[in-house]
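Student: Please examine one part of this structure closely, at the level of individual side chains. I would then like that part set in its surroundings in one connected account.

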Amino acid sequence: SSLAAVAPAAPSSPASRRVRSVPPPSQELLLLSGVELARRIRCKEVTCVNVIQTYIGRIKEVNPLINAVVKDRFEAALQEAHQVDKLLLEGHDDEESLREKFPYLGVPVSIKEAFALQGLPNTSGLVNRRNIISTTDATVVSRLKQAGAIPLGVTNCSELCMWYESSNRIYGRSNNPYDLECIVGGSSGGEGCLLGAAGSVIGVGSDIGGSIRMPAFFNGIFGHKPTTGVVPNDGQFPSAEGIRRSFLCTGPMCRYAEDLEPMLRIMAGPGIAKLKLDENVSLEKLKFYFMEHDGGSLFVSPVDKEILQAQRKVVENLEAKLGVEVQHVAVSKMKYSLQIWSVMMSANSSDGQKIKNFTDLLGDHGKPVWPSWELLKWTLGMSSHTLPAIALGISEKFVNYSPKANMKLEGMAHSLQTELVNLLKDDGVFLYPSHPVVAPKHHAPLGMPFNFAYTAIFNVLGLPVTQCPLGLSKEGLPMGIQVVAGPNNDHLTLAVARYLEKEFGGWVCPGRC
């Protein structure tokens, strides 16, 4: 797929000199965590206006290449920045009380377009919704605003947030900042690539099958899927219904591990009481487990050698530096991750509530959609839907397990959950690949549609997971690993994330800083 539209080459330059990645960020302000930016703003070491202007400048530099921000609010953001500076000049509050009241005072934040952000579109890439403008904020968005964060805009996602390449017929396709010819993942892909490109420092994503963790993996950043039910999901489209409510998780995405915990606290609000974030974690006392791959599912790509190598380095590091034994486990049911997730996604909830079909969602704000007819229109270039969405609509009709197979797989889901919860208890951490391959080329996911099973299984199990970056592959694409803990033990995965950042360098500048 040509990038000519995105990055026009100078007439004299040969095709081989086409832009491969985004340029590295040149401003020091772009290389600080949200926590550190907030501190400098509070202490008046830097003005909020300067921080916001620097990020707006960076977005203007990278967005023509990566197409991450689909609608900005730069003018409003600058006005809000002026107010922050005015508030600080008046000097009513001391630094400590400002930190408590507004932990992210003046810090830029980006928001996945599937979330309501007042005055901005909320289409989830569905053409029928292109005129919908949010009149309110999603709960997590309003909590971040109350904490002082300043939204810069909304970012791209896959159509209806149900595919792992972020492309749709309203906003087009997003590109990977490390290699523009590669995918950004989905569905929070615009969020992932904007953060990876240093066009934002903290962001909001959501995850029902890996939609925070896959983009975080492909774009070399941190992404956290909290324990089920800790962070509210309201104010996003499509909303989860029935049993899917317990699979969908809203969580933080960021470049620096130290932002994960404060963001989680803010987004969770009162729900944070379920977690133990105030507990001190002594990594040496944790029990570590790992699996190199899912055990060989027929539907999923084998894990890349380089990803296995990166995982081995993590194991060796933990054993050498912390003196722990990282135990290899073989959880045989992981092989059926895809089937378990698929069956559980369409299971009836305990109150017998039927799940809305994907095809019905495609018809939101418009006429009913016939996926087979849409496929015909698509081949003629006349459909307003993307091929993955049409394919999902078609497969929904034909891929039905027998009641017996359904029962067997539902039983397997429950026994797998019991097995992992018993293994991890309150002091265990499980290391598992985030994805079997590094960011593939655009459209390639159509040939390996089920690779999301590596992340999706943990949505069904309701466990907290942090995706942590582990440097770049030989080709310069990000690698990473999932750190999993038992329910409500998010503090363990976050502590391991901070440790891995210190040991392996965390986010790496694209285009080489």
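Tutor: Leu376 is partly exposed, at a relative accessible area of 46%; buried means under 20% relative accessible area, exposed over 50%, and partly exposed in between (1.4 Å probe, protein chains only). This is a predicted model, in which local features need pLDDT of at least 70 and side-chain atom pairs count only at pLDDT 80 or more, while totals for chains, interfaces and linings use all residues. Residues are numbered from 1 along each chain as its sequence is written, and side-chain values use heavy atoms, with hydrogens and water left out.

Leu376 belongs to helix H12, residues 371-379; helices (H or I, at least four residues) and strands (E, at least two) are DSSP runs numbered from the N terminus. Together with Trp370, Trp373, Leu380 and Met382, Leu376 makes up a nonpolar surface patch of about 650 Å² accessible area. Patch members have over 30% relative accessible area and no salt bridge, with like charges joined within 9 Å and nonpolar side chains (Val, Leu, Ile, Met, Phe, Trp, Tyr) within 5 Å. Areas follow the Shrake-Rupley method with a 1.4 Å probe, and for residues only the protein chains shown count as cover.

Strand S13 has antiparallel partners. Strand S11 (residues 428-433) is joined to S13 by five bridges in an antiparallel arrangement, and within that pairing Pro433 has Ile481 as its bridge partner. Strand S12 (residues 465-472) also runs antiparallel to S13, through six bridges, with Val465 opposite Val484. Strands count as paired if DSSP finds at least two bridges between them. S12 and S13 form a hairpin with five residues between them, and in its turn Gly476 adopts a positive phi of about 85 degrees.

Leaving out residues up to four places away in sequence, Phe430 touches Gln482, Val483 and Val484, along with Tyr289, Phe290, Met291, Val329, Met334, Leu424 and Phe458; contact here means heavy atoms within 4.5 Å. In the largest nonpolar core, which has 156 residues, Phe430 is one of those with the most contacts, as are Ile66 and Phe458. Helix H2 (residues 48-66) gives the most to this core, with ten residues. A second, separate core has seven residues, among them Leu160, Phe237, Leu362 and Val369. A nonpolar core is a set of buried Ala, Val, Leu, Ile, Met, Phe, Trp, Tyr and Cys residues joined through side-chain atoms within 4.5 Å.

Lys425 sits in the loop between H14 and S11 and is exposed, at 55% relative accessible area. Beyond its neighbours within four places in sequence, Lys425 contacts Gly486 and Asn489. Helix H14 (403-424) is also, with H15, among the elements that cover the buried residues of helix H10, a helix of residues 337-345 in which eight of nine are buried.

Salt bridges complete the setting. Under the rule that a side-chain nitrogen of Lys or Arg lies within 4 Å of a carboxyl oxygen of Asp or Glu, the count is 21. In one of them, Glu261 pairs with Arg498, the closest N and O atoms being 3.6 Å apart. Because Glu261 lies in helix H8 (residues 260-268) and Arg498 in helix H16 (residues 490-504), this pair ties together parts 237 residues apart in sequence. Glu261 is buried at 18%, whereas Arg498 is partly exposed at 34% relative accessibility. Another salt bridge joins Lys441 to Asp179, with closest N and O atoms 3.9 Å apart. The two residues are 262 residues apart, Lys441 being in the loop between S11 and helix H15 (453-461) and Asp179 in the loop between strand S5 (172-173) and helix H6 (189-196). Lys441 is partly exposed at 45%, and Asp179 is buried at 8% relative accessibility.
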